[in-house]
Structure formats: C-alpha cells, structure tokens
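Dear colleague,

Please find below the structure that I am handing over to you. My notes on what was found in it follow directly after.

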Amino acid sequence: MHTHIENTPPGPRAQADRSAIVGWGADLDHALRPAYPMERTPPRLPNVHWDQPSAQPVNVEVLVSTERPGITPVFGTTLPPRGLSGSLRRLAFKASENDVRRWLLLMLADRIDVVEGLLQDLAQGHLPNVLGEMGIAAEWRYNRRALVGKLLLLATLATAAALIAKTFRHDAAAPRLRYRGARPR
C-alpha cells in the first residue's frame with residue numbers, strides 16, 4: 001500500500017504559527033524587502049565621451065571564442081598560450097562553447113600546464129615542493145583517514161599498472177612461433 005503526501009496529516013512544523021517567526025514571509029511583500037528599492041538597472045556613467053572604451057593593445061596571443069568574434073576591450077595577458085598546453089588551448093578554442101570537447105581539452109591543457117611548469121622549474125634549477133603545495137601536511141593533520149585512503153588507492157593502482165606492464169613485457173619477450181600448429185618446447 002502506498003502512502004501519498006496528500007493523504008498524510010501535516011506534521012508539527014506545518015501547524016506552527018509562522019507569524020511568530022521574525023522575518024517570515026519578508027520576501028512576499030515588496031514593501032517589506034530591504035533590497036527591493038535597490039533592484040533596478042544602474043544608470044550609465046554620466047558625461048562619458050565614448051560609446052565603447054578604447055581597446056587594450058594586443059602584444060601577446062589572445063585566444064578568441066567562436067561565439068564572440070573579435071577581442072574584448074580588456075583581457076588578460078599574464079599567461080599567453082605556450083607549449084603543448086597552448087596547442088591544446090588553441091585547438092579547444094576552435095570548438096564551440098557548448099561543445100564538451102572544448103572544456104575537456106581546456107581541463108587537459110590545465111593539467112599539462114602544471115607539468116610543464118614543474119619541468120620549467122626543474123630546468124631552472126628550482127626544486128618544487130610538490131607535496132607541500134598539494135597540502136599534504138594539512139591533509140595529514142586534519143583529514144588523515146581520507147589521505148590514507150587516497151594513498152592506498154594510489155598504491156593499488158601503481159601495483160596494478162606494474163603487474164600489467166610486467167605481463168606485457170613477458171608477452172613481448174616470448175618467442176613467436178613460426179609455423180602453424182607448432183608447439184613450444
């Protein structure tokens with residue numbers, strides 16, 4: 001037998017007197033809403049001599065969306081596309097913004113950019129503190145159980161990868177039979 005919401009009696013919360021609750025229903029009447037008079041379109045800047053601000057000079061490569069041709073008047077120049085991650089970003093910006101491949105490529109480019117940054121640090125003689133930057137000490141202090149679980153999962157995956165690699169190496173090293181029906185000795 002099914003019990004439907006319509007057939008159940010209201011609980012004690014439904015029977016409570018809501019008028020005793022301070023602020024209850026304040027959003028029902030616009031006169032009681034403190035922010036309501038401010039909810040309006042802000043006025044345009046007065047006495048502006050331009051319709052659109054002057055464009056920022058382009059001195060680095062700027063990736064532009066296919067949905068919005070042209071460069072916006074202001075844009076970021078701190079990290080222009082470079083290396084493999086930059087190539088992936090260029091490829092991603094050729095796709096539409098509603099294409100999931102675009103966003104997956106951009107996320108992959110972010111991950112590759114992290115690795116490129118680590119390699120660049122090593123090339124410059126700077127040894128990055130990867131574990132410290134990942135917050136391992138804080139994780140150990142405040143969320144030890146989850147960290148141990150992550151480490152066990154990582155060890156399991158590494159062991160499985162090593163066993164699979166060993167199996168492939170063993171198969172590659174096995175002698176190939178030259179004739180059909182021949183049996184190995």
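This is a predicted model: local features need pLDDT of at least 70, side-chain atom pairs count only at pLDDT 80 or more; totals for chains, interfaces and linings use all residues.

Residues are numbered from 1 along each chain as its sequence is written, and side-chain values use heavy atoms, with hydrogens and water left out.

Confidence and fold

The mean pLDDT (the predictor's confidence in each residue, from 0 to 100) is 81 for the chain, and 75% of the residues reach at least 70. The chain contains 5 helices and 0 strands, where helices (H or I, at least four residues) and strands (E, at least two) are DSSP runs numbered from the N terminus. Helix α1 (residues 83-92) has the highest confidence, at a mean of 95, and helix α3 (residues 130-133) the lowest, at 84. Of the 185 residues, 11% count as buried; buried means under 20% relative accessible area, exposed over 50%, and partly exposed in between (1.4 Å probe, protein chains only).

Cavity and pocket

The structure holds 1 cavity of 30 Å³ or more. The largest cavity has about 30 Å³ of space, a volume being the space filled by probe spheres set on the grid points, which are joined across faces, edges and corners. Helix α1 supplies the largest share of the lining of this cavity, 3 residues.

The largest pocket has a volume of about 210 Å³. Its lining consists of M134, G135, I136, E139, L147, K150, L151 and L154. Helix α5 gives the most to that lining, with 4 residues.

Charged pairs

There are 5 salt bridges in the structure, each being a side-chain nitrogen of Lys or Arg within 4 Å of a carboxyl oxygen of Asp or Glu. Among them is the pair R82 and D113, whose closest N and O atoms are 3.6 Å apart. This pair links distant parts of the chain, with R82 in the segment before α1 and D113 in helix α2, 31 residues apart. R82 is partly exposed, at 35% relative accessible area, whereas D113 is buried, at 16%.

D110 forms a salt bridge with R89, the closest N and O atoms being 2.9 Å apart. Because D110 lies in helix α2 and R89 in helix α1, the pair ties together parts that are 21 residues apart in sequence. D110 is partly exposed, at 36%, and R89 is buried, at 16%.

R90 and E61 form a further salt bridge, with closest N and O atoms 2.9 Å apart. R90 lies in helix α1 and E61 in the segment before α1, so this pair ties together parts 29 residues apart in sequence.

Which side chain of opposite charge is nearest to the buried E116? It is R82, 4.0 Å away, and E116 has no salt bridge; in this count Lys and Arg are positive and Asp and Glu negative, with His and the chain ends not counted. E116 is located in helix α2 (residues 100-123). Leaving aside neighbours within four places in sequence, E116 is in contact (heavy atoms within 4.5 Å) with R82, G83, L84 and S85.

With kind regards

How values were computed
On a 1 Å grid over the protein atoms alone, a cavity is a set of points where a 1.4 Å probe fits but cannot get out, and a pocket is an open set with protein on both sides within 12 Å along at least five of seven lines; lining residues have an atom within 4 Å of a point.
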